[in-house]
Amino acid sequence: MRIATWNVNSITARLPRLLAWLESSGTDVLCVQETKCTAEQFPADELRELGYESVVNATGRWNGVALLSRVGLDDVVVGLPGGPEYEGAQEPRAISATCGPVRVWSVYVPNGREVAHEHYAYKLRWLEALQGAVADDAAGPRPFAVLGDFNIAPTDDDVWDRAFFEGSTHVTAPERAALDGLKGVGLDDVVPRPLKYDHPFTYWDYRQLCFPKNRGMRIDLVYGNKPFADAVKDGYVDREERKGKGASDHAPVVVDLEV
């Protein structure tokens, strides 16, 4: 079974690449982030033609998450149970479902913007709510994972230059402590292998030639429970999908399971 996560940075803009990648990659379940569309604009028909059911949590031009599956979509939960609101509403940042023998969440963790910004405090509250929401599934006997764009680099090795990010979000101690809280409920970081260079970065800014210079970050993550981790046979970052015209600034992270 092949499961992947990909921040597509607008599913409308990226649809031809997404459809081609699904056909060529043999992915069974894809967790999508940053759809940047309404539920009505989501390309469910095009995905269905490829054999994928889909569920989406999306409300407009910002944020948005989805799950695509060709092995079933059951017990769907839209949103983050108990999650905080931002500016009076719960943003569309989480969706979960059972796909065959595996239960998965697709999450798009708040960016945080700046350390002094209210969005940063919201990010920490959101991560605390995520821990509580996934605790039961994480402790259960079936393979379970939370996949998505976490907007946090777990360690200093997960950014191209730690000094460059000094004082910025994505690398602060409180964010990393909140991420480590997932380990407290039984989830561990499933680290993929790089297909080039020595570290599996997943995101490269469009500016300043960051991708050709490999000035990246590993912020698209897979956190799985023990049954999930025990089933993993391979994992990699499909760096090729960051290349060329019309690419997202994130690459897909792919995990192969034997279940």
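**Close-up views of side-chain contacts**

View 1. The model is predicted, so local features are given where pLDDT is at least 70 and side-chain atom pairs at pLDDT 80 or more, whereas totals for chains, interfaces and linings use all residues. Residues are numbered from 1 along each chain as its sequence is written, and side-chain values use heavy atoms, with hydrogens and water left out. D256 forms a salt bridge with R2 (a side-chain nitrogen of Lys or Arg within 4 Å of a carboxyl oxygen of Asp or Glu), and the closest N and O atoms are 2.6 Å apart. Because D256 belongs to strand β14 (residues 253–257) and R2 to strand β1 (residues 2–7), the pair ties together parts that are 254 residues apart in sequence; strands are DSSP runs of E with at least two residues, helices are runs of H or I with at least four, and both are numbered from the N terminus.

**View 2. Further salt bridges, taken from the 20 that a search of the whole structure finds.** In helix α5 (residues 226–231), D230 and K226 are 4 residues apart, a separation of about one helical turn, and their side chains meet in a salt bridge with an N to O distance of 2.7 Å. D230 is partly exposed at 49% relative accessibility, while K226, with a relative accessible area of 58%, is exposed. R142 and D137 also meet through their side chains in a salt bridge, at 3.6 Å from N to O, and R142 is partly exposed, its relative accessible area being 32%.

**View 3. Aromatic pairs, of which the count comes to 6.** Rings of Phe, Tyr and Trp (its six-membered ring) pair if their centres lie within 6.5 Å, with planes under 30 degrees apart counted as stacked, over 60 as edge-to-face and the rest as tilted. The pair of F150 and Y223 is tilted, because the ring centres are 5.7 Å apart and the planes stand at 45°. This pair links distant parts of the chain, 73 residues apart, with F150 in the loop between β8 (144–149) and α4 (173–184) and Y223 in strand β12 (residues 220–224). F150 is buried with a relative accessible area of 0%, and Y223 likewise counts as buried, at 1%. The rings of W160 and F164 also form a tilted pair, with their centres 5.1 Å apart and their planes at 45°. W160 is partly exposed, with a relative accessible area of 29%, and ring pairs link W160, F164 and F165 into a cluster.

**View 4. The charged end of R93 over the ring of Y108.** The charged end of R93 sits 5.0 Å from the centre of the Y108 ring, where the criterion for a charge over a ring is that NZ of Lys or CZ of Arg is within 6 Å of the ring centre and within 35 degrees of the ring normal.

**View 5. Cysteines in a structure that holds 0 disulfides.** A disulfide is a pair of cysteine sulfur atoms within 2.5 Å. The sulfur of C31 is 7.4 Å from the closest cysteine sulfur, that of C99, and this is too far for a bond. C31 is buried, with a relative accessible area of 0%, and C210 counts as buried at 9% relative accessibility.

How values were computed
Buried means under 20% relative accessible area, exposed over 50%, partly exposed in between (1.4 Å probe, protein chains only).
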